[in-house]
Amino acid sequence: MPKRTNISSILIIGSGPIVIGQACEFDYSGAQACKALKAEGYRVVLVNSNPATIMTDPEMADATYVEPLTVELLEKIIAEERPDALLPTVGGQTGLNLAVALAEQGVLERHGVELIGANLRAMQVAEDRDLFKQAMTEVGLESPRSRIAHTLEEAREIFETVIGRFPIFIRPSFTLGGSGAGTVFTQEEFDEKVSWGLRESPVHTVLVEESLIGWKEYELEVMRDRADNFVVVCSIENLDPMGVHTGDSITVAPSQTLTDKEYQRLRDQARLVMRAVGVETGGSNVQFAVDPESGRVVVIEMNPRVSRSSALASKATGFPIAKLAAKLAVGYTLDELKNDITQETVAAFEPSIDYVVVKIPRWAFEKFPGVDRELGPQMKSVGEVMAIGRTFKEALQKGVRSLEIGRDGLGPLTRDEKGQLKGYAPGASAAELMHVPNRDRLFAVFERLLEAEREGTGADGGAAEEAALRECSEIYDPWFVAQMQEIARFQIAIERAGQLDAWTMRQAKRMGFSDAQIARVLSDGAEGEERENGAQSPRWTEADVRGLRERLGVVPTYHQVDTCAAEFAAFTPYLYSSYESEGEAPPTARDKVIILGGGPNRIGQGIEFDYCCCHASFALQEMGFETVMINCNPETVSTDYDTSDRLYFEPLTLEDVLHIYQREAEGGSQVKVLVQYGGQTPLNLA
């Protein structure tokens, strides 16, 4: 279908200020939508209240209003600008809620504004828990046993008649980042959580539903057009089981533990969900829970809009969801839109990837002493990192060192000189951190596996390893635990060997071990030897390991994110590192400038530094330089494949940045590095 010619002006509502659950991923999606619609010849009117965004740059839209996001002000802007249509799906929950309010209050009808991308009914069904449950039941899909409550008394009655046992889950309607949601274990908690949820919900309703704590959680990022063409952009698996908000969970793409039959079942159900909700065009995020014992599948929810997971899926695959969603909203079909990266395939060609992507959240609990650090259904992370590797082990370790929390890779929990766990109350134990969801659970699990491996040399070593594997598999899926056990086993082998040959070094790098991490492991092993025989051993440094690795000829290779697992040539140098026999996308001979990004969002270093990095890239391109961006934040405009000439999705560490600098200098050109735009992160590296 050709693009629509009966509309000429389109209104886009931004997501407003950065809050937990709604960050710079909506600057990314909004900026993509603005560029896509302007390129098609439409007049774009943008309203947003956040000045630290790329999307509010004057050149991004034809008319930009930096104003409070309220229905009253939006009606005044609509009356002034007279847009033909409103695209509500790229401004997060804020944009969606405002679009619903404008429609329900008759503002859009009064001014002749059409909703495109998602109609009012679709938004209401997706966001209203009761309507969503009814829609799922009508198409034969299962959802958790539940019912909507408007008052505390009604919630008590639902508990008695529908569910009848604890734990249960309280989920408010139309909220952001799981705000007001909570798992209830006692009657006292029930009254408190229900009252809180009723206050948090803009429509003052909560869903009282059975708890699925411990079930496996999966997401599918999907797209649909007016001709009912449907693609799965990416499958995402949560390491943490149900009970932890997906924004606070470590996630992996593509899903690692689904059989092909199980994946196809989720795929078919996601298509039914989109039809049932009524999403005519664009991207949606569908979340499923799977009982690991019985295989029972229930649909948790769907977002009829671009979401945080959409940004992750876009960066993980190279498939520009927000850009394509905007074009689908104005009439195109997926088979009419060309893939920018291959310049040969079309958007109806589902992405295929030959690598693994890991997303790890970034928390800021250290800024708020005394705050409850237990993770649950309400999101608490302030940012996230994404890492790409050829294996899960490599991607996980790269993700950990991308967080900028003083870790060089997987390792045990950190303790002070008294042996107390840092950041926790005196007396807190590793076992508690394993069994209660928290930011350090990954390291508590890894410490348990390390301990078991160290005990593995005794007569009952096999039993110790098996017990640890069984215990940790009650927390994470056994496949993920086995992967971490292999890392732990390899680390112990390095400790005991005290040295690395070329084969061992390459294996370590393929498992994601950083030079600093290898130095730490070798030094720890030497210290253990000193305690046994009293001999003095030198400490290894990161520079020592780097020198040894280079002498052994173990250097990184770089590979393209190309949407097609190398089936077609890729024309955008969007790269990640690994340790293979040969790389892709060699450097050019042009003079270039490397721009160091800001890494994960955190309090004190957020979207404003991404804004600076993007504008540095734009200005340098105008001056004729080739720009090279290095960053690991999937929410940002700077990590879009078309912001800079070359993009490296890599940790911002000395080792990784040096590798990239050396590689780019191989082209024989002059290479300079800009460190003042990404906040404290690049300054610390400098």
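This report walks through a sheet, the helices around it and some aromatic pairs in a predicted model.

**The sheet and its helices**

Let's start with an open sheet of four strands, ordered β6-β9-β7-β8 and paired in antiparallel fashion. At its edges sit β6 (146-149) and β8 (182-184), each of which pairs on one side only. On average, neighbouring strands in this sheet are turned by 25° against each other, direction ignored.

Helix α7 (residues 152-163) lies across β6, β7 and β9, and runs at about 165° to β6.

**Where α5 meets α6**

Helix α6 also has a helix partner. The axes of α5 (residues 120-127) and α6 come within 5 Å and cross at roughly 95°. Angles of 65 to 115 degrees count as roughly perpendicular, so α5 is roughly perpendicular to α6. On the α5 side, the contact is made by R121, Q124, V125, A126 and E127; α6 contributes R129, L131, F132 and A135. Sorted by class, this contact has five nonpolar, one polar and three charged residues.

**Aromatic pairs**

The model holds ten aromatic pairs.

| Pair | Arrangement | Centre to centre | Angle between planes |
|---|---|---|---|
| F349 and F568 | edge-to-face | 5.6 Å | 80° |
| F490 and F513 | tilted | 5.9 Å | 45° |

In the pair of F349 and F568, the partners are 219 residues apart. F349 lies in the loop between α11 (321-329) and β15 (356-362), while F568 lies in the loop between β17 (557-560) and β18 (574-578). F349 is partly exposed, with a relative accessible area of 31%, and F568 is also partly exposed, at 21% relative accessibility.

F490 and F513 are 23 residues apart. F490 belongs to helix α16 (residues 478-497), and F513 to the loop between α17 (502-510) and α18 (515-533). Buried means under 20% relative accessible area, so F490 counts as buried at 14%. F513 is buried too, with a relative accessible area of 1%.

Finally, ring pairs link F159, F166 and F190 into a cluster.

Terms used. Residues numbered from 1 in each chain as written. Predicted model: local features only at pLDDT ≥ 70, side-chain atom pairs only at ≥ 80, totals over all residues. Heavy atoms only, no water. Pairing = 2+ DSSP bridges. Helix = DSSP H or I, 4+ residues; strand = E, 2+ residues; numbered from the N terminus. Axes fitted to C-alpha atoms, helices over the stretch in contact; angles between N-to-C directions. Contact = heavy atoms within 4.5 Å. Parallel < 35°, antiparallel > 145°, perpendicular 65-115°, else oblique. Nonpolar A, V, L, I, M, F, W, Y, C, P; charged D, E, K, R; others polar. Phe/Tyr/Trp six-rings, centres within 6.5 Å; stacked < 30°, edge-to-face > 60°. Buried < 20%, exposed > 50% of the residue type's maximum accessible area, 1.4 Å probe, protein only.
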